[in-house]
Each structure stands twice: as structure tokens, then as C-alpha cells.
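Dear colleague,

I am passing on the structure below, together with some notes on what came out of going through it. Please read the notes with the coordinates open beside you.

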Amino acid sequence: MNQCEDIIVKCPNPEHTKNVKQVCFDESCKEQRLYCHECIKIGMHVTHLKHQEELPFLFEHISRIEKESDNLINRINKQMDLIYNDFFLLIGGIRSKYQISKQQLLNLNFQQINSFLSQSIHFKQFELTIEKLLQELIKEFQDQIKKLQKDLNLFALDYDQISKSNIEKSEELYEIGYKLYWNDEQIICQLFDDVLL
Ligand SMILES: [Zn+2]
Ligand SMILES: [Zn+2]
């Protein structure tokens with residue numbers, strides 16, 4: 001027998017003595033979602049009967065949503081990884097275009113030196129453009145993330161303890177990600193240096 005079927009929850013309606021038997025999964029329902037037989041008698045959820053499930057289904061639902069949210073987290077983490085990768089390539093590109101060793105310079109012909117000098121003389125313009133562009137993009141990105149965080153309303157939920165442990169888990173992942181980020185950047189810088197020297 002499924003362990004979930006042993007779960008006994010008293011009806012949230014204080015006037016009812018029965019235990020919760022069913023759960024409403026209707027998207028637009030505004031009534032108490034856990035309810036008992038007495039609730040059915042007074043007409044709760046009667047307008048959307050096809051979205052009613054027995055109590056044990058609640059636990060299937062919870063574990064399905066946990067799995068789906070983990071999948072979502074994995075997918076958005078991968079999207080961030082792609083951004084990091086592109087960012088490392090950008091940094092490498094800046095180095096390879098604007099940084100040159102004395103030895104490398106001496107190995108160039110006059111036409112190549114001329115080309116390098118022209119580019120480096122225009123560096124200020126490039127610097128202003130890229131900084132402005134990145135600042136705008138990052139600000140837009142941060143604003144949207146903050147908006148999403150606000151929509152999630154993490155800090156207003158009653159299950160503070162659960163939220164707290166999830167936030168700690170996220171912070172831990174962030175730390176790991178941050179360390180990987182810098183390690184990766186050092187490796188990539190080293191790769192570019194190796195190619196150039
Ligand atoms: Zn009830
Ligand atoms: Zn309902």
C-alpha cells in the first residue's frame with residue numbers, strides 16, 4: 001500500500017470534522033484546495049469537477065513538479081554556461097586583437113605593424129562602445145532577473161525554512177559556478193597566451 005494513502009489531514013474548514021479526501025487542481029480555482037466530503041456537500045469545486053483528484057495524487061503532483069523544476073534549473077543553467085562560453089571567447093578576442101609582445105611585433109612585416117597600430121589607436125572607441133553595450137545588456141538582464149525573483153515572491157512564503165535551505169543551496173551552486181568561471185577564464189587566457197607566444 002502506498003505510504004501517502006496513510007496521510008491524514010484534517011479539513012482546513014474549522015467547522016468541518018472530516019479529513020481531507022480530495023484536492024482541487026483547477027488553475028483558476030480560488031477556494032481552499034484541500035477539502036473534505038462536507039465541503040463537497042456545500043457545493044465547493046462543483047463547477048470544475050474534472051480537475052478534482054484523490055489526496056494521494058497530491059504527492060505524485062509534488063514529486064512531478066520537483067522533477068520538472070529541477071529540469072528547468074538544469075536547462076537555464078546550461079543557457080548561462082553558453083553565455084559564459086561566448087564571454088570567454090570575447091575576452092580572448094580582445095586580447096588577441098589589442099595585446100602583442102615585443103617579440104611578436106618584431107616578427108611582423110610593416111603592413112602588419114601598420115594594421116596593428118591603426119587598430120590600437122582606435123582602441124578607445126572600441127572600449128567605449130563595448131563597455132556601454134555590455135552595461136546596458138547586463139542592466140537589462142539583471143532587471144529582468146530581479147523581476148522574476150519578485151514574481152517568485154520567495155521571501156513572502158510561509159515555508160521559510162524550506163526556502164532558506166533552497167536559497168543556501170543556490171548560493172552554494174553560485175559559489176561553485178563562480179570558482180569554475182574564474183578557473184575557466186584563467187585556462188582560456190593561458191590558451192590564448194600559448195597561441196600568441
Ligand atoms: Zn471540509
Ligand atoms: Zn476548485
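Phe141 is found in helix H5, where helices (H or I, at least four residues) and strands (E, at least two) are DSSP runs numbered from the N terminus. This is a predicted model, in which local features need pLDDT of at least 70 and side-chain atom pairs count only at pLDDT 80 or more, while totals for chains, interfaces and linings use all residues. Residues are numbered from 1 along each chain as its sequence is written, chains are lettered from A and ligands numbered from 1 in the order in which they are written, and side-chain values use heavy atoms, with hydrogens and water left out.

Phe141 is partly exposed, with a relative accessible area of 38% (buried means under 20%, exposed over 50%, partly exposed in between, with a 1.4 Å probe and protein chains only). Together with Ile83, Ile145 and Leu148, Phe141 makes a nonpolar surface patch of about 350 Å², and helix H5 (residues 123-152) contributes the largest share of that patch, 3 residues. Accessible areas come from the Shrake-Rupley method with a 1.4 Å probe, and for residues only the protein chains shown count as cover.

Turning to the metals, the zinc ion (ligand 1) is coordinated by Cys11 (SG), His16 (ND1), Cys36 (SG) and Cys39 (SG), at 2.1 to 2.3 Å; donors are N, O and S atoms within 2.8 Å of the metal (3.2 Å for Na, K and Ca), and water is not among the atoms, so sites may look incomplete. Cys11 lies in the segment before E1 and Cys36 in the loop between E2 and helix H1 (37-41), so this pair ties together parts that are 25 residues apart in sequence. Cys11 counts as buried at 4% relative accessibility, and Cys36 likewise at 0%.

The zinc ion (ligand 2) is held by Cys24 (SG), Cys29 (SG), His45 (ND1) and His48 (NE2), at 2.1 to 2.3 Å, and both His45 and His48 are buried. The site of this zinc ion (ligand 2) is tetrahedral, with angles of 103 to 114° among its 4 donor atoms (four donors count as tetrahedral if all angles lie between 85 and 135 degrees).

Best regards

Note on methods. Patches are made of residues with over 30% relative accessible area and no salt bridge: like charges are joined within 9 Å, nonpolar side chains (Val, Leu, Ile, Met, Phe, Trp, Tyr) within 5 Å. A salt bridge is a side-chain nitrogen of Lys or Arg within 4 Å of a carboxyl oxygen of Asp or Glu. Four donors count as tetrahedral if all angles lie between 85 and 135 degrees; four count as square planar and six as octahedral if opposite donors are over 155 degrees apart and all others between 65 and 115; anything else is irregular.
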